[in-house]
Every structure is written in C-alpha cells, then in structure tokens.
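Good morning, and thank you for coming. Please have the sequence and the model open as I speak.

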Amino acid sequence: MPHTLSSEVSPRPSYSHALALGALSRALSADEARAVHFISGLRCIAAILLCLFLDRIYDLGTSPWVIAGGTALGVLTASQVAFGPLSSRNALLRIGIGVALYRAAWMVAHSLPLERLMSPLSIAAAELHLNIIGLGFLFGLTSTWLFWRTTHALTTEIIGLLLIAVGLFAAHRGLRLDQPELVHALAWRLGWSPVSTLVAVGVAITALTVLLLLISSSPGRPLGHRSVDGARVHTQVVRNKKRSLGGSLMLVILSAGVLLVGYLTHTIFSRLASGSVTAMGVGQETKEELSPLGFHSSLGKNSQPSALVRLEGDYAENPFTPMLYLRESALSGFNGKEMVIASARYDTDVNRTRPDEAFSTEPDTRLLSRTPLEQSVFLLAEHKTAFAIDFPIEIRQIKNPNPDRFNAAYKAYSVAPGFSLSDLSADHVGDPNWDQDTVAHYTAPHPDSRYRALALQIVGDVSNPIAQAFLINQWFSANAIYTLTPGHEVAPDGDPVAPFLFGDMRGYCVHFAHAMVYLYRSLGIPARIGTGYLTDLSQAKDGHILLRMNDRHAWSEVYISERGWIPFDPQPQQVENHGESPVDLKLLEELMGMIGPSEDILPSDVAKDEASQQIEPALTLPEPRTILGIAALLIFSFVALKLYLLYGWRLVPSPSQKTALRYRARQAVLLDLGLSRDLGETRAEFDSRLKAQFGRDLLPDTSALLRYHYQGTTSQTSPAPMAPSLFGSLPFPWWRKLLGILSPRATLAFLLRRPW
Amino acid sequence: MSSVKLPPSRVMFLTHSLVAGFLLFLSAFFFDLSRPVNAQELPDPFDPFQLPFIDDTKPFDFGDDTEKSVEELLLEATLLLDDERPLDARTKLLKVLQRDPTEFRAHLLLAGYYMVHVGHFNLALRYVKQGQNLFAEKNGPPPYLVDFTRQQHQRILYLLSQARLSLDDYAGALEVLDEFTGYGYVADWYSGSRAWILMKLGRLDEAVQEARRGVFTGGEVGRSLNMLGILLSMTGDRNGSIEVFRQAIAYELSLGRLGQPATPLNNVGEVYEEIFNEALAQNSYSRAIALPDGCEHVLPSLNLAKLYLDELNLSAAKRTMDSFEGCVAQFPLRNGEEHRALVHLARGRIAQLSGNVPEAITHFREALAHRQWFGKIGTSQDDLRVAGNISLAQALLRLNDILSVTPYRTFSERLAALMTRAENRLEAWWLLRRARQILAEDLNGMEDLFIRHTDSMIEYPTFGEVLARLPYSSLNARLEQEERRDNRAVAKTFYLLYRAESLAADGEDEIALELLSDVLKRARPQFDDAVLLRALALSLSMLDPGSPQYVTRANELFALSRPALRNHGLRLPVATHPGSERLDSLLEQSPFLPLEGKAVQYVLGEEAIDGKIRFTLSRRSSPGGTVPRPAFQGEGDTHEDALYSLASNVFQIAID
C-alpha cells in the first residue's frame with residue numbers, strides 16, 4: 001500500500017550524540033529507533049517462521065533454526081545500515097563484493113590440501129550448509145534494506161506473501177480437503193474439520209497481510225531517505241504522515257471484510273462438503289426416489305480419513321481380492337433420468353440404518369458359499385447410513401473408544417461372498433422366487449434404444465447372461481477413460497449418461513455404474529447400483545483398513561441366483577487423473593493405537609524405558625553440528641563486526657565521518673587493551689591522560705574530531721595525519737596486542753551502543 | 001553393504017511364521033501341561049468332533065466364544081496362527097485378554113503375531129514388555145530353576161531381543177542376548193541373531209566369529225551360512241563369500257519345500273554383481289525369482305531389472321517388474337507399501353530410458369511419496385531418498401533437454417516451456433543438492449561411491465552427473481581414496497567417467513574429452529551400455545555440432561539408444577530431402593540437425609498428403625548412399641505438429 005511521505009525532515013542529532021548511539025541511532029530519534037527495533041524484531045520472527053515452514057515442506061537439510069539465525073542477522077544488519085549514509089548502489093556493490101569474496105574463500109579452501117586433515121567431503125558438506133545460511137542472510141539483508149529504503153518494497157512483500165499463500169492453497173483445487181498437506185496435518189492434529197482449518201489458515205494469512213500493512217504504514221515507521229546536501233550525501237529520516245481517520249476506517253473495514261469472507265467461505269464450504277456428504281461424486285442421500293450420486297464432477301476428492309474398519313477375522317475367500325467392497329446403499333429404482341433409491345420393498349439386503357441404530361435380519365440361507373465375517377467400524381466423519389461388507393445380518397453399536405476422534409462405532413456381522421468369480425460361469429441371473437413386479441423392477445430398461453443397440457453390439461452372439469455381463473464389464477475396462485472431470489454439458493432433464501457412453505467415454509464411477517446397469521437391463525439382466533466404499537486390502541495393516549473420502553465409490557451389481565448381488569466393476573485401462581494415493585501408515589497406526597486394548601490389558605507406558613521408545617522432548621539440545629554451525633556463525637559475526645569497527649572508516653567518503661570512525665577504531669583498540677574513558681572524562685582529558693601515561697599520542701584523531709564537532713562538518717580542517725597502523729604504535733608487548741585482538745569487549749560495547 | 005543380503009521381509013515373514021508358530025504351539029502345549037486342569041475340560045486334540053471351534057449346527061458361526069475357557073481360546077489361537085489365519089487368531093487372543101488381562105501367554109502370542117505377521121514392532125515390544133512384567137509377577141525374578149519356567153523365560157528374551165533388533169535398538173538387543181547367555185540358556189537362533197546385531201554395531205570380526213560358531217554348532221545352519229556370506233562379503237573376502245553362499249543354497253535346496261534358497265541366491269547374485277560378473281549375477285537372480293519363495297521378493301527382481309537397465313535391455317527390465325507385481329498380487333493381505341517405492345523407482349528408470357520422461361517423473365514422485373518398509377533389511381531410508389532425489393532430478397533435467405529441442409507453434413507455448421524449464425531446473429538443483437548432502441553426511445561419507453555398493457539404489461552410469469557438482473578437488477580426493485581400496489578393473493571405467501563429468505562441468509573440455517575417449521575404449525559391450533550412453537552423450541555435448549566427430553558419435557549413440565539424443569538435448573544429424581532453407585530453419589528448434597556429408601546416415605523427408613504435412617526419417621542403405629529405407633514418420637496439420645509427431649516416434653520406444 002503506497003503511503004505519502006512528508007517533507008518534514010528530522011533534526012539531525014548532535015555529532016557527539018551520534019557517536020554515542022552508533023549507526024542506527026545517529027539518524028533516528030529515540031521513538032524512531034524503537035519503531036525500527038520493533039519492526040526488525042517482527043521481521044526476525046517472520047524470518048524464523050518462514051524458515052520453519054520451508055523446512056517442513058522441503059527438508060532444508062540444515063537446521064532451520066540456524067538458517068533462521070542467518071536470515072535474522074541479515075534483517076538486523078540491514079536495519080542498522082539502512083539509516084546510515086550508504087547509497088543503494090554502494091550497498092549492492094558491497095554485497096556483490098562480499099559474495100565474490102565468499103566464493104573466492106571457498107575456492108581457496110578447495111585448493112588447499114585439507115583432505116589430509118579431514119574427510120574430502122567434509123568441506124563440500126560444510127559449503128552446502130554455509131551456502132544456505134548465506135542465502136538466508138542475503139535474503140534478510142536485501143529484503144530489509146529495501147523495506148527501509150523504498151516505499152514499493154512493501155507492495156512487493158505483500159505480493160510475495162500472497163503468492164506463497166496461493167502456492168500453498170493451489171493443491172486445494174478441486175475441493176481437495178486433504179490438501180495442502182500441511183494444513184491437513186494441522187487439522188488432524190487439532191481435531192478440527194479440514195474445512196474449518198483451511199478457512200482458519202486462510203484468514204490467518206490474510207490477517208497477517210493486513211497486520212503487515214498496518215505496521216508498515218503506521219506513522220511510526222521511519223524510512224531511510226538518502227538525499228544530497230551540498231557537496232555531501234547523507235541519509236535523512238522521512239516520516240509517514242499521520243494516518244487519517246479515513247485511512248484508519250479503511251483498515252477496520254478491511255479487517256471486518258476478512259472476517260466476513262472467512263465466515264461465508266466456511267459456511268459455503270461446510271455445506272458443500274458437509275461431513276462427508278459428497279466425495280468422488282458419491283453422496284449420502286437416503287430418501288427414496290432420490291439419488292446420492294452426482295454426475296457433474298467428482299467434487300470433494302480427497303484422502304480425508306472417513307472411517308477405520310477392523311476385520312475381526314480372516315477373509316481369504318474374498319472373490320474381489322485385493323479389493324473389498326463395503327456397501328452403504330443400493331439404487332435399483334429408475335426415475336426416467338437416473339438410478340434412484342427404491343422403496344423398502346426392494347433391496348432388502350441393504351440395512352438402511354443409521355450408524356447409531358441397531359439392525360438385525362435373518363440370513364438368506366438360499367445363498368451358497370457365504371462366509372461369516374465380523375467387522376468393527378469406527379467412523380471418523382459424519383455418515384448417514386451404516387455400511388458393511390456384503391451383506392450384514394446384524395449391526396450392533398459398541399463403545400466409542402475415543403469420542404474426540406470417532407463419531408460412532410459399531411460392529412457388523414456379514415455373510416460375505418466366499419466363492420471365486422470363475423465359479424459364476426455356470427450360474428443363472430435373477431432369483432426364481434422373485435415375483436413379476438420384482439423382476440420388472442430390476443430389469444426396467446432405459447427408454448433410449450441406443451443402450452440396447454450398444455449392448456447387443458458388445459455381446460455379439462453370446463447368449464449366456466453371465467458371459468454377457470462379463471463381456472460388458474471388459475468392454476468398459478478397455479474402452480472407457482477414467483477422469484474426475486468429464487465436463488459434459490447436460491440439459492436439466494437430459495440423460496447425464498448419454499454424453500459419456502455415446503460421447504467421449506470419459507467419466508468416473510457414477511457414469512460407469514449407470515451405463516453398465518442400463519446396458520445390463522437392456523439385455524434383461526437384473527442389475528442395480530451399489531454405493532459405498534471400495535478399498536485396496538493391500539494397504540491394510542493387521543486387518544485394519546483406513547477408509548478415505550476418495551475410496552467412496554459406485555458400482556454396478558448383477559443378481560446371480562444362489563449368489564446374491566455381485567459387483568461388476570470395470571478397471572479402466574485409460575486413466576486421466578486418478579493418481580494413486582497411499583494410505584498414511586503413521587495415521588493408521590495412530591488410530592490402531594486408539595482402538596487397541598484397554599490400559600489394564602496393555603498399559604501405554606509399559607515400554608517407556610526402552611531406548612527405541614524415547615520420544616524426543618520438545619526442547620532438546622541441538623545436535624553438535626548445529627552447535628558448531630551456530631558457533632561458526634557467531635565467530636564469523638564477531639570477526640565481521642570487529643573488522644567493521646576497526647576498518648570501517650575506510651569505507652566512508654566524508655572526511656568528518658572518516659575522522660569520527662577512525663577515532664572510534666582507535667578507541668576500540670584501546671578498550672580491548674583495557675584502556676577506557678572514565679566517567680565524566682572528556683575526550684581531550686582522556687587523550688591527555690594517555691599521553692602522560694605512555695608518553696605518546698595514542699589517539700591522534702582527537703583534536704580533528706573535536707574541531708569537526710565544534711565547528712561543524714563543513715569545516716575545512718584537514719584530518720589529522722594517520723599513524724602507520726592501529727596496532728603499530730601501541731606500547732604493549734605482542735602477546736597483549738594479540739589478547740586485545742581476541743577480546744570481545746569493544747565489539748560488545750559497540751553492539752550495546754556504549755559511548756566511545 | 002550388507003543388509004540387502006539378509007532375507008527380505010517376506011522370507012523373514014514366512015520363516016518366522018513357521019518357527020514362531022511351531023514354538024508358540026509348543027509353548028502353549030507346555031503351558032497347558034503346567035497348569036492343573038480338569039481332564040474333562042481338555043479337548044482331545046485327535047478327535048475332530050471334540051474340537052470346540054467346529055460347530056456345524058449354525059449356518060454362520062461368528063465366533064461366539066463366551067462359553068470357551070481361556071485355555072481353549074489359547075489353543076485355538078495357536079492353531080489358527082499355525083494355519084495362517086492370523087486375524088482370527090488375534091481376535092481369539094484379545095478375547096483371552098478381555099477375560100484375564102494378566103494372562104501373559106496371550107501377551108507373548110500377540111507379540112509374536114505383531115512381529116511376524118504385521119511388522120508393527122512398537123506394539124510387539126509393548127506386548128512383550130507387559131508379558132515380561134506379568135511373568136515376573138507370577139514367577140518372581142530370574143534365575144529360574146524349573147525347566148519349564150526357564151523355557152518360558154527364554155521365549156520372552158527371544159521376543160524382546162527380536163523386537164529391539166527390529167526397532168534398531170542394537171545395543172538393547174545385544175544386552176538381552178548377553179542376559180540370555182548369562183542364565184545359561186542355549187538356542188539355535190542365538191548365533192544368527194547375535195552375528196547380525198554385531199554386524200549392525202560395526203563389530204565385523206566378532207560377527208564373523210559368531211556366524212562361524214553358528215555354522216559349526218548347527219544352529220539354524222541356513223541362516224548362519226547366509227549371515228557368514230554377507231559378513232565375508234562386507235570384509236572384502238568375496239570369493240569366500242561366494243563359496244559360503246553356495247553352501248547356503250545347497251543347504252536350503254536340500255530342505256525341499258521348506259527351504260528358502262532364494263535368499264542366498266539373491267545374495268550371491270549381489271556378490272557376482274560387485275565383481276562385475278553380470279552373467280552369473282543374472283543367472284542367480286533369475287533362479288531366485290523362479291523359486292517359490294523368491295517370486296514375491298522385490299530385491300532379486302529389482303537387482304535384475306537394474307542389471308538389465310545397465311545393459312539398456314528395457315523390455316527385459318519391464319518384464320521383470322511386471323512379473324514381480326503379478327506374483328505379489330497373489331498375496332493380497334500384504335501391505336503394498338513394502339515394495340511400492342522400489343517398483344516405482346525401477347519403472348521410472350525404464351520409462352526415462354525409453355524416452356517417456358513425463359511418465360518417469362510421475363513414477364519418481366510416487367517413489368519419493370511412499371515410505372519404504374525395509375524391516376530387517378539393512379538398507380536405510382536415506383538410500384531410497386538419495387536414489388529417488390537423483391532420479392527425479394535427472395528426469396527433470398532430461399525433460400528440460402527435450403524441451404530445448406522441441407518445436408513450438410506459438411509464443412505462448414515457448415513461454416510456457418521456458419517457465420517449465422526454469423521450474424524444473426530449480427527443483428533439480430534443490431534435489432541434487434539434498435542428495436549430495438545426504439550422501440556426504442548421512443551415508444558414511446558417500447559410501448555409495450564404491451561402484452555397485454549393495455545397499456545403494458542409485459544408477460551408477462549416471463551418478464557422475466550428481467558428483468560433477470561437487471568441487472573437483474574434493475571429488476578427486478574422494479575418488480583417489482576409493483581407488484586405493486578398490487582393485488576392480490571395471491570400476492575404474494566409472495571413476496574415469498565421474499572425473500570427466502566433473503571436469504566437463506568445470507569447463508575443462510579437452511581433458512574431459514580425453515578421459516571420455518578412454519571410457520569409451522574401456523566400456524564393455526552389452527554390460528556397460530548405459531555407461532557408453534552417458535559417455536557418448538557427455539562427449540557430444542562438448543563437441544561442435546556438425547563436426548565429423550559429432551556426426552560419428554551421434555550415430556553411435558542413436559544406434560545404442562534411440563531416445564538418448566533427445567533426452568540429452570542433442571540433435572541427430574540428418575540430410576534433408578528436399579533440402580530447403582525453410583526446412584533447415586524449421587529444424588533449428590528440433591532434435592534433428594540438418595547436415596550434408598557421407599557420414600550422415602539418416603534422411604529427413606517432407607511431403608504434403610491430403611492437406612496434412614508428413615515428415616519421414618529414413619536410414620541410408622549404405623554410407624553416403626542415396627536409396628533410403630523408410631523407418632519413422634510423423635503427420636500433423638502444421639509443420640511443427642508433424643515434426644513433433646516424428647520426433648516422438650523416433651525418440652520414444654514403446655515397450656510391450
């Protein structure tokens with residue numbers, strides 16, 4: 001957000017004050033310095049969060065804390081120098097020189113025969129770490145420099161932040177409630193619904209953007225504005241104008257708008273994806289004459305966990321191995337447009353009960369080769385109907401082991417198919433006990449004659465209905481294309497299957513199931529649609545199956561005498577966008593732990609003393625590598641600061657500043673050697689004392705500095721002649737000078753802005 | 001190097017099933033005898049009509065076990081485990097614990113179940129620990145004097161050591177084994193387990209001694225021999241290792257149906273591979289796969305596929321993976337995660353070498369998205385991460401290379417391609433950076449640099465592309481270090497190639513080309529075809545397109561692998577017919593390089609048929625000959641479409 005700069009220029013503080021406060025304070029008033037510190041602190045926190053976020057996504061390989069430290073150092077350095085006299089061009093030049101020196105240092109390091117001292121790859125590995133830390137430092141430095149120096153940097157930062165948000169949420173396209181993965185993991189950890197978490201994160205990012213705007217455009221934010229004053233160039237502080245009432249009101253409205261949009265988004269998304277109503281085009285409608293299936297798109301495709309099923313026994317006889325069908329509902333009615341739920345007179349093998357409702361029926365003893373199978377179902381998302389493996393004869397509610405996590409729990413007793421599909425070839429379709437009405441109900445054809453024509457074309461001269469059913473199934477596998485976004489244009493009363501079957505053959509399970517049922521019925525084969533879950537048992541563990549929303553499925557079923565309703569489900573060879581999505585095994589194990597035996601059978605802390613069970617505490621000592629990295633960074637910073645303190649005066653063009661900084665450099669050397677100005681002692685007195693004590697002038701710049709100070713920076717006084725070197729003239733033995741070089745005293749004084 | 005040689009998870013699974021089932025049966029039998037029971041309660045195990053779980057009176061038995069005693073349920077569970085019905089057994093055991101939570105035998109049986117059948121080692125450990133606590137409460141602290149109690153205690157220690165071993169707590173596992181011997185216990189499994197743990201702790205000499213002891217004392221001879229073979233291979237005694245594996249194979253084959261010869265066969269194949277005896281390695285892997293216990297193993301299949309890929313025999317590699325997946329499908333209740341990452345890795349490499357780079361990228365992303373379950377195989381997750389990162393990065397770079405020689409119709413297509421290339425380059429840079437970091441820091445100072453390191457899943461012929469980004473001095477020092485201890489002549493070819501790659505990356509083209517000429521001379525036909533491919537592609541990238549040397553090597557590379565030129569952003573020299581400036585200009589952004597001269601072996605022709613453009617690529621009947629033999633063609637509405645279609649047909653191989 002651009003903001004207006006006033007032409008008001010802050011009165012420059014006196015030079016002695018500037019010397020006392022250091023580079024930052026030299027140009028800023030106390031209030032401004034506080035604002036700079038506050039915003040710099042916030043930027044450091046943002047840098048840390050950004051590094052942690054990036055590490056979570058990309059596995060940076062170096063401790064994110066160390067990289068964050070480098071970035072924060074860059075932020076702080078830029079905040080220090082942005083209000084100094086350095087021009088942007090000079091800053092860029094120095095950064096370039098710094099980078100070149102850094103690269104040169106590595107080239108030198110690589111050319112040294114260090115492999116005798118350490119492993120050949122240690123240097124390369126160290127370079128990789130330092131590179132990324134340096135990258136963080138450069139990022140912090142340049143972005144913060146631009147932030148303080150230009151008004152437009154703010155706009156760029158906000159655009160950057162929004163781009164990150166867009167990138168983060170891009171994975172959410174197509175109402176993928178399990179994406180972005182980071183948000184999904186957060187939702188699971190907090191126990192919130194994915195929709196709420198998504199909206200909360202969206203609102204948080206927007207709020208952060210608004211906060212950034214607020215802080216950065218606040219009247220307290222100073223800007224380093226470099227100007228030319230006569231022959232010299234220096235930096236002035238330009239303040240923002242006070243925010244107008246209208247501006248403040250706009251911000252309030254903006255914040256309220258964010259909350260409102262968040263609320264509306266949450267409401268709309270919750271309705272769209274309420275619980276688990278719709279996913280993969282398969283909803284949970286339970287009313288007769290209505291359909292739970294959607295043709296438009298497989299809205300809501302996601303790997304959000306919806307239920308945990310535990311098989312209580314082995315099911316080696318499963319004819320659909322490695323797949324397993326869990327039926328929730330059956331659609332055998334036809335309303336002229338699509339398949340719908342029929343009246344309770346039909347489909348009596350389907351329980352039609354709520355998950356919290358008990359159900360019991362007599363097993364159909366006419367069905368052959370059925371095997372008893374007990375399952376426990378723990379619902380993780382809202383379900384209107386209890387589902388089970390074909391077909392349940394009893395459903396009994398059991399104790400919910402973790403009401404915070406599971407919506408409901410029940411045990412289902414099924415008599416599941418226990419035969420091979422190849423056994424069906426000698427069977428017949430339909431049930432001889434059905435009355436005419438029932439036969440007519442299950443074979444009611446679609447009025448469009450094209451269905452029968454196509455069916456006849458596919459089956460050719462094959463007359464056995466079961467062989468016909470298999471042929472049609474194979475035809476779909478070979479010719480249809482699976483896609484989540486068929487994008488067919490269908491009139492409100494039009495046949496939604498025709499554009500698929502007689503068009504581009506692109507569709508998903510809902511299209512496949514309808515088309516197959518229509519073709520079967522056109523040949524007189526009793527067929528219906530089953531809906532529920534289709535899962536891959538090869539992803540189960542210990543008989544525990546984690547059902548996800550993208551396991552929701554619709555399939556066609558054919559009634560075979562003495563076998564019951566048997567799924568006929570094609571496996572399309574051409575798949576456009578149905579990526580394999582592996583089950584989260586960690587989550588599965590976590591859930592298995594929740595439904596495991598009670599504490600008295602298996603105490604959770606029974607193996608707490610085992611070495612393999614030691615959970616890393618939240619606060620731990622960093623790894624030695626990290627400690628070494630931090631130590632290296634600190635040493636590097638110390639050396640850099642010391643060099644700046646001692647030789648920084650060479651970098652400034654102005655004679656007055658050069659004199660001042662040179663004086664400071666000599667003072668720093670003396671301070672490191674234990675010679676400091678006493679309280680109340682003037683610089684001239686200090687100089688005299690040293691002269692008297694050592695018999696030589698250890699601070700040759702004192703008089704020039706004082707002249708500049710009392711006569712102004714425009715004084716034509718030439719600077720005092722420079723002694724050959726900082727250390728050469730000191731009357732101390734070499735070892736004491738060495739100790740002085742290693743002493744951090746002056747550097748600390750500089751950092752703490754002690755007066756020189 | 002090591003681990004891959006131990007029995008893969010499925011073999012371990014079956015071995016442990018049998019051993020555990022047998023031991024559990026014995027244990028339950030002993031437990032049963034140890035308790036004062038009413039003779040009337042005890043069913044006669046030889047009378048099928050007395051067995052309580054057979055009830056023909058009900059149409060469907062949902063296992064209503066309310067009437068059954070704890071002893072009956074335990075016996076049933078033991079029999080069900082033996083009968084490969086683990087879920088039924090688990091349900092029975094949980095029912096036992098609901099009745100009597102202090103029944104430590106059920107805890108121990110469940111521990112065995114979770115260890116052997118499920119691979120949920122944390123849960124197994126908890127059950128063992130609870131069983132151990134309950135056992136101690138009942139019998140007091142060890143040592144025990146009664147034989148039966150001692151046997152039970154041995155069983156607990158065995159389970160505890162196995163659980164700790166499976167959770168990589170090697171020191172803890174060794175501690176348990178020390179405790180085991182401290183009480184004077186003796187067991188067949190002891191030497192094999194101890195040797196394995198010592199190997200994991202890096203105490204190789206002790207491990208060899210322990211494995212030899214296992215062989216001499218006759219405790220689980222097959223396992224001990226296998227272990228010894230691995231250890232000898234690790235200590236560099238490859239001939240000794242092969243000899244021991246031969247004995248292991250013979251021993252396992254002598255066991256008939258109960259034997260597991262696939263494991264030593266796979267292991268000996270890896271040793272043959274290490275000494276560059278590919279023929280024998282292929283033979284070993286093929287035999288392992290053909291055996292009943294080997295068809296479900298991913299490692300022999302993966303190893304064989306890797307060997308085929310080194311020979312650029314893509315269809316054989318694909319058949320190997322197809323056959324593996326077909327075999328695994330017979331075991332539906334197994335967790336597919338166990339092998340999925342490795343299968344994606346192999347399939348991605350096949351797709352990439354066949355010119356279908358986008359498909360390769362999809363496979364590599366899937367490989368990285370899956371967690372490899374290694375069980376006791378010593379390979380670490382880092383090995384897979386490195387291999388996946390490198391393969392994905394290389395595929396992204398290959399895609400960029402392809403995009404650099406793709407004809408575009410519009411500016412927007414070109415812009416989109418530029419953006420894709422920038423994204424790919426950035427991602428590839430990051431992936432390679434991470435791979436180098438893991439190799440250098442987490443994989444023992446790049447232990448994978450030892451060519452055909454058995455733990456590694458990287459592609460050695462293209463590994464130089466990763467190494468080239470290291471400083472030459474560091475790489476050279478590390479290569480010298482490796483060469484000092486590696487006396488295999490064939491391995492030198494690879495080290496030369498890596499040096500050439502690094503020098504080429506540093507702009508030292510002349511020296512790099514010299515080294516590459518050496519590589520081309522040294523590379524063995526068939527077995528080193530992938531090395532030849534990489535060396536030719538690298539040298540072509542440094543040669544002046546249009547120079548006679550470029551034409552010769554491009555023809556060689558095209559003959560070796562059709563997709564390779566385009567995959568590396570290189571162009572195939574062609575003579576155009578009819579030649580025109582317009583066509584030459586059109587070919588500028590294509591994988592075809594219009595050239596004249598006798599050395600040019602291919603002719604690119606253009607014709608218009610029914611309003612469509614058709615390009616054909618033919619091979620000259622003889623060098624400099626004029627009669628072309630038609631080979632490929634591509635059609636399209638525009639010249640660019642037709643050219644794109646031709647390029648796809650020429651530089652992509654459909655593998656059936």
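A residue is called buried when its relative accessible area is under 20%, exposed when it is over 50%, and partly exposed in between, with a 1.4 Å probe and the protein chains only. This is a predicted model, in which local features need pLDDT of at least 70 and side-chain atom pairs count only at pLDDT 80 or more, while totals for chains, interfaces and linings use all residues. Residues are numbered from 1 along each chain as its sequence is written, chains are lettered from A and ligands numbered from 1 in the order in which they are written, and side-chain values use heavy atoms, with hydrogens and water left out.

I begin with cysteines. A:Cys509 is buried, at a relative accessible area of 3%. A:Cys51 is buried too, at 6%.

Next, chain A in outline. Of its 756 residues, 50% count as buried. The accessible surface of chain A is about 35500 Å², and 62% of that belongs to carbon and sulfur atoms; the areas come from the Shrake-Rupley method with a 1.4 Å probe, and for residues only the protein chains shown count as cover. Chain A has 21 helices and 19 strands. Helices (H or I, at least four residues) and strands (E, at least two) are DSSP runs numbered from the N terminus.

Let us turn to the strands. Two strands pair if DSSP finds at least two bridges between them. In chain A, an open sheet of three strands runs in the order S14-S13-S19, with parallel pairing. Strands S14 (506-507) and S19 (574-575) of chain A are at the edges with a single partner strand each, so one side of each has no neighbour in the sheet. Strand S13 (residues 481-482) of chain A pairs with S19(A) over two bridges in the parallel sense, and A:Ile481 stands opposite A:Gln574 in S19(A).

The antiparallel sense is found elsewhere in chain A: strand S17 (residues 552-560) pairs with S18(A) in this way over five bridges. A:Ser556 has A:Phe568 of S18(A) as its bridge partner. Three residues lie between the strands of this hairpin, where A:Glu562 takes a positive phi near 65 degrees. How many residues of strand S18 (residues 564-568) of chain A are buried? Five of its five residues are.

I now move to chain B. B:Gln437 is located in helix H19 (residues 411-441) of chain B and is buried, at 1% relative accessibility. Beyond its neighbours within four places in sequence, B:Gln437 has contacts (heavy atoms within 4.5 Å) that include A:Leu60, A:Thr62, A:His129 and B:Asp442. B:Lys200, in helix H8 (residues 190-200) of chain B, is partly exposed at 26% relative accessibility.

Finally, the cavities. On a 1 Å grid over the protein atoms alone, a cavity is a set of points where a 1.4 Å probe fits but cannot get out, and lining residues have an atom within 4 Å of a point. The structure holds 16 cavities of 30 Å³ or more. The largest cavity has about 230 Å³ of space, a volume being the space filled by probe spheres set on the points. Its lining has 17 residues, and among those closest to its centre are B:Gln352, B:Glu459 and B:Leu533. H24(B) gives the largest share of that lining, three residues.

Technical notes: On a 1 Å grid over the protein atoms alone, a cavity is a set of points where a 1.4 Å probe fits but cannot get out, and a pocket is an open set with protein on both sides within 12 Å along at least five of seven lines; lining residues have an atom within 4 Å of a point.
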